[in-house]
Amino acid sequence: MSGKRVTFNQLWLAILLILPQMLLVFTFFYWPAGEALFWAFTLEPPFGGNLQWVGMQNFLTVFEDPLYWNSVQRSLLFGLSSTALAMLFGAVLALFVDRQLTGYKAFRFLYFWPYAVAAPAVGLAFRFIFAPEAGFISAINQWFPGLWNPALDGADAMVLIVVANAWSMIAYNFIFFLAGLQSIPRSLLEAGAMDGAGVLRRMRDIQLPLMAPTVFFLVVINITDSFVNSFGIVDITTGGGPSRATDLMVFKIYSDGFKGKDYSLAAAQSIVLMLLVVALTFIQFRYVERRIHYT
Amino acid sequence: MLMKRLIGAALGASAFLAVAAGGAEAQTRQRFEFWYGLTGQLGERIAEQCKRFNDSQTRFEAVCVGQGGYDRAEQNTIAAFRARQQPTVVQIYDAGTVNFMLSGATYNAVDFARDFHMNINWADYFPGVASYYATSKGEMWSFPYNSSSAVMYWNRQAFGQIGRSEAPASWEQLERDMRALKAAGHACPMAIDFDTWQWVEQFLAAHNLPIATRGNGYAGLDAELAFNRGLLPTHLANMKRWLDEGLLRIQTAQTGKTLIQAFADGSCAVTMASIANHGVVGSTAAPGMEWSVAMIPVYEAHARHNTMVGGASLWVMQGKSRGEYEAAAAFLDWVATPAEVQWIPNVTGYIPITIPAYQAMTAAGFYSQPQYAGREIAIASLSFTPPTENTRGIRLGNFTSIRSELQSELQAAFTGQKPVQQALDDAAARGNQILRRFEQTMRGRQLP
């Protein structure tokens, strides 16, 4: 049996089978990405005509703009903190459910729901909850006037979008953590328990190390997601403000490109964002994955 | 063989019938596409107007498609034009005017009206409305449609408590009134937000001050922003001081209540916004609340000038068939009839765009009905003086981006991150970069 592999004798059949998938990838990824790359080196009026090749000018404009670096910094802050928050809560909830605390069946079912809510809807809900005058949180301002106001305070606004984004990602992380936990052999935990390890000790020394591949996968997904999918939340809750405190990279691309109709500048920024996400993922695989042992 | 022939004949006959039926349908109803940007209740009004047009005659049919916002209407039209799928007529907001004028993609209103024998009398439009959509030579390139201007909303009862029965006409008086209101226990004398339209653009127009050189950009793409000099820095520094003293309160959707909501529920005594909100204030005002509108205030040392028009106009696009243009011409003619021009202000807060329609409405007592009283203030404000270089409109490339730069800097100034003058200088510097980039993008093109 060994050495016997199923192969295609006819190359054309293989090509034919791959073709639909390749067509989709080409149409929805390579083509638009190529188009964006072309736009990034040109200037063209919105309605077309009069195309000029401007070389690196769009990229230089982007890199020379201190506000662009502001948005990079905000995106990193947003990505890292919402990833940390979402993973922490996802892991804690999964550990609780895995320990089969009271009502875990219902929670296992309910915790996944937030991920099914579209980002703009999440934004709308959190805008209402966190509105300093009318929302649930307005009670805080009753006790400490002016303490919470995301419309005027950049730090508050950042907290608002981080919490909103983390809330929807917790659900996703929860499912993966739970699956990871359930694949850990019970015998290991029981052996630990017999050796006198308490619940927290078993979590720290047995469950989390064995889930390292899951954790790694989730870090990659969470960071990438927070870079590219945060638009809906920002658009509805803060609009990038106050005074650009939540002007994330994707949001800046949208406002420059679609509101400002400066497609070339937006295209240059998308290329930079794409490279940044590729670089982040590369770093994660190159340096973090090395320390992970897949069982 | 016979069978084959029979089938052939049957197929031929049915194909002929299908073609004939299709042809007949096309002959009875020449269709054209109309895209609009308004959404919600206002969007429903447009759909209603389309339906009445279609019911009113048998030759043409307007296919009206809402685009889900002014921004989207412009984006979608650009994308559609590049794919040669553009509509015949599209509703574009004031700030999009410059892109359309430079696009080479439009059928200019004056030419279109002449080529398709429309009955438009250009002199009927209020000059303040017409000037925004006209070239520097005064030729109109789009058809005015829904128009508004900025006004001050004030709470009569609150002012009554401080012994005032009239709205403040000057900022000096408004400041005294706000102090009196505060002293009388009003937590929020005036609601403001970061919308540059009423707080900067209309403010400058009412004072006859330029937002940019070269006649607010009408004379050429090399205009430079000028709002960081003269009165505006002083005024915004005043606003910042009033904000710190608690005379103003910032009200946006993010704080929980917009300007209009904070005014309508009685929590703020004054605000400034578009007259288009008049209906909303009327229908949502706290029970028993007495309120009015007035012209936005002007500093005492300055002579009042007309405020600018806001809203949208209808553009005809290039590259459609003669039949579609004929249908569009019929629609645009119908929309401009006195009855239709009067219908819009009847069902929305917008103003009538032509002088005859306004006169007819005044004669019919429209403005003395309590629910509409005050809307004439917007027209009075819009036509207070003949439009000057500084008050006819704003023609700056990528103006939405300039607005958002200014908005961000206003937020920075009002939250104390930087002094007002520096914020305005920064906004102007960044805005000028946007203008230079636009000029480069439009290389070789001239503003008409």
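Arg214(B) is partly exposed, with a relative accessible area of 39% (buried means under 20%, exposed over 50% and partly exposed in between, using a 1.4 Å probe and protein chains only). Its salt-bridge partner is Asp222(B), with the closest N and O atoms 2.8 Å apart (a salt bridge is a side-chain nitrogen of Lys or Arg within 4 Å of a carboxyl oxygen of Asp or Glu). Asp222(B) also counts as partly exposed, at 38% relative accessibility.

This is a predicted model, in which local features need pLDDT of at least 70 and side-chain atom pairs count only at pLDDT 80 or more, while totals for chains, interfaces and linings use all residues. Residues are numbered from 1 along each chain as its sequence is written, chains are lettered from A and ligands numbered from 1 in the order in which they are written, and side-chain values use heavy atoms, leaving out hydrogens and water.

**Salt bridges**

- Over all chains, the structure holds 33 salt bridges.
- One of them joins Arg244(A) to Glu405(B), with 2.5 Å between the closest N and O atoms.
- That pair crosses between chains: Arg244(A) sits in the loop between H11 and H12 of chain A, and Glu405(B) sits in helix H18 (residues 399-414) of chain B (helices, H or I of at least four residues, and strands, E of at least two, are DSSP runs numbered from the N terminus).
- Are these two partners buried or exposed? Both Arg244(A) and Glu405(B) are buried.
- Within chain B, Asp426(B) and Lys418(B) meet through their side chains at 2.7 Å, N to O.
- Asp426(B) is partly exposed, with a relative accessible area of 24%.
- Shared partners join Asp65(A), Arg244(A), Glu405(B), Glu409(B), Lys418(B), Asp426(B) and Arg430(B) into one network of salt bridges.

**Where chain A meets chain B**

- On each side, 40 residues take part: 40 of chain A are in contact with 40 of chain B (contact means heavy atoms within 4.5 Å).
- The size of an interface is often given as the accessible area lost when the parts come together.
- Here the two chains bury about 3300 Å² between them, 47% of it on carbon and sulfur atoms (buried area is the accessible area, with a 1.4 Å probe, that two parts lose on being put together, summed over both).
- Six salt bridges are counted between chain A and chain B.
- Asp262(A) and Arg437(B) form a salt bridge through their side chains, at 2.6 Å, N to O.
- On the side of chain A that touches chain B, helix H2 (57-64), helix H11 (231-237), helix H12 (249-259) and helix H13 (263-288) each supply at least two residues.

**Aromatic pairs**

- How many aromatic pairs are there over all chains? A search of the whole structure finds 49 (rings of Phe, Tyr and Trp, the last by its six-membered ring, pair if their centres lie within 6.5 Å; planes under 30 degrees apart count as stacked, over 60 as edge-to-face and the rest as tilted).
- Phe38(A) and Trp53(A) form a tilted pair, 6.5 Å centre to centre with 45° between the planes.
- Phe38(A) lies in helix H1 (residues 11-40) and Trp53(A) in strand E2 (residues 52-53) of chain A, so this pair ties together parts 15 residues apart in sequence.
- Phe38(A) is partly exposed at 38% relative accessible area, whereas Trp53(A) is exposed at 60%.
- Trp53(A) also pairs with Phe41(A): the ring centres are 5.7 Å apart and the planes at 15°, so the pair is stacked.
- In chain B, Tyr107(B), Phe112(B), Phe116(B), Trp122(B), Tyr125(B), Phe143(B) and Tyr325(B) form one aromatic cluster.
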